Amino acid sequence: MRTKTLLLTAVLGVAGIASSSAQGVFSVNSVGYVNQTFTKGGFYIIANPLNNGNNQISTVIPNAPDSTTVFRFNSTTGFGDPAVFVQGAGWFNSTGAATDVLAPGEAFFVQVPNTATFPLTITFVGDVPQGTSLSNPVTIKANKFNLIASQVPISVGLSTTGNGGMNFPAADGDTVYQFDGNAQAYKDPISFVQGAGWFNSTGAADPTPAVGEGFFLFSGSSTDRTWTRSFTVN
Amino acid sequence: MKKLLFTLACVFAVASAKAQGTVNFANTAGSLISYAAGVNGGAAVPTGQFTAELLYWATDPGVVNLNSSIAGLTSIKTSANFISAGRFIGGVATTPSTTAGGASAWFAVVAWQTSFGSYDAARAAGFYGYSGVFQNATGNPNSIPPGAAAAMTGFTGINNVNQVPEPSTIALGILGAAGLLLRRRK
């Protein structure tokens, strides 16, 4: 899976200017797109990296090869009712039209059918999430698997900080499982050791998901937590 | 016909290989590998000196005496990748096909001083430790969608690592020396 990001930074909006002071207060919306390219059929852990309206599956992925399937994950109940794309009809699960919300920060499995034409590109469009207190919609559940992604479209190590960093609140014993779509297998898991950093079975390794790539996180903490960060497009 | 049988055998082999469970062979701050009380103050073992080894049973083996040779037991993973005192990260261990992916299996962890080359050699010299047998879930990498390797939550650590020769080893040494002395006197 290859990811191409284009943040048009088409600086759309200027929301408002404070009337009572000389200091301008404004918000800048950056719209853009992220291409996810798949070279073969199989499973991939991806995420919607941009806010697009209601973020419902039919909005976020309006078109896909017939039988493309999306599996969302709940830390407590496991995988839920999958959503399947029916060409010419849209997304459906076992109870009817699928209304799953794929918000930035929540990762999910997508199963690309072998019958698709490759390379296959799925394009996400929308606004870059920005703000001083961006909370990942997935609460990291204590001592459980969580399927998450970066809430903003960047690709840097989880240990990085600052505006351009992941700012991931790692806890001792956290383990990251990334899925290799080419190999159709999990990569060597990477665990966090307090005071030492991130390591896999061969040495130091900062988990660095691609833009729009999700991963399983097994929480080493005994308490729930939220991945909260600030981010602005400079 | 031979070709068909070969193909069927290959399909069966692939199916069998895919039916295995996975665990993440790593411990946590709550399941350290430590010396026995009275040895180095019961501290966690240092980095760069020990190897952790994962033993496996498909069904509950009951009481297993790991204070003896592990020859004949099923070892599925070793790791000398100790990141900090008592903490190792060994990567994914795959069970034999006797445990289906997602099912539970029984495991134990032994730790031994790497320089001896094996648990049994280190045990003979007195530089080893072992856990109790524990039950643990496995992950199923072949489920739909694929499941990640299960965390080794059943492992509660090792707190009996020795660093001195066992009394039996010392006794054997004394006996040997005594034998040599007696032979020389004769």
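Which loop of chain A holds A:R225? A:R225 sits in the loop that links strand 20 (214–218) to strand 21 (228–231) of chain A. Welcome to this predicted model, which scores ipTM 0.77 and pTM 0.82.

**A:R225 and its surroundings**

- A:R225 counts as partly exposed because it has 16 C-beta neighbours inside 10 Å, while the cut-off for a buried residue is 20 or more.
- Setting aside neighbours within four places in sequence, A:R225 is in contact with A:I140 and A:P169.
- A:P169 lies 56 residues from A:R225 in sequence, yet the C-alpha atoms of the two are 8.3 Å apart in space.

**Chain A as a whole**

- Chain A is built with 1 helix and 21 strands.
- It has 234 residues, and 39% of them count as buried.
- If you take the contacts in chain A between residues at least 6 apart in sequence, 69% of them join residues at least 24 apart.

**Where chain B touches chain A**

- The contact between the chains involves 19 residues of chain B and 25 residues of chain A.
- On the chain B side, the elements that give two or more residues are strand 1 (22–26), strand 5 (82–84) and strand 6 (87–94).
- Strand 6 of chain B makes the largest share of that side, with 5 residues.
- By residue type, the chain B side divides into 11 nonpolar, 7 polar and 1 charged.

- Four strands of chain B form an open sheet with mixed pairing, in the order 5-6-1-10.
- Strand 5 and strand 10 (150–151) of chain B are at the edges, each with a single partner strand, so one side of each has no neighbour in the sheet.
- Strand 5 and strand 6 of chain B run antiparallel and are joined by 2 bridges; here B:F82 has B:F88 of strand 6 as its bridge partner.
- The hairpin of strand 5 and strand 6 of chain B has 2 residues between the strands, and B:G86 takes a positive phi near 80 degrees there.
- Strand 1 of chain B also pairs with strand 6 of chain B in the antiparallel sense, over 4 bridges, and B:N24 stands opposite B:V92 of strand 6.
- Strand 6 of chain B is largely enclosed by the rest of the structure, because 7 of its 8 residues are buried.

**The largest nonpolar core**

- In soluble globular proteins, nonpolar side chains tend to be buried together.
- In this model the largest nonpolar core has 94 residues, and the members that touch the most others are A:A107, A:F108, B:V110, B:A111 and B:Y128.
- Strand 7 (residues 104–113) of chain B gives the largest share of this core, 7 residues.
- Not counting residues up to four places away in sequence, B:Y128 touches B:V110, B:A111, B:W112, B:Y119, B:A122, B:R123, B:V161 and B:N162.

**Confidence in chain B**

- Chain B averages a pLDDT of 86, and 77% of the residues score at least 70.
- Residues 1–17 of chain B have a pLDDT below 50, and beyond near neighbours in sequence this stretch has 2 contacts in the model.

Definitions and conventions:
Residues are numbered from 1 along each chain as its sequence is written. Chains are lettered from A and ligands numbered from 1 in the order in which they are written. Two residues are in contact if their C-beta atoms, placed from the backbone, lie within 7 Å. Ala, Val, Leu, Ile, Met, Phe, Trp, Tyr, Cys and Pro count as nonpolar, Asp, Glu, Lys and Arg as charged, and the others, Gly among them, as polar. A residue is buried if 20 or more other C-beta atoms lie within 10 Å of its own, exposed if 12 or fewer, and partly exposed in between; C-beta atoms are placed from the backbone. Two strands pair if DSSP finds at least two bridges between them. pLDDT is the predictor's confidence in each residue, from 0 to 100. A nonpolar core is a set of buried Ala, Val, Leu, Ile, Met, Phe, Trp, Tyr and Cys residues joined through C-beta atoms within 7 Å.
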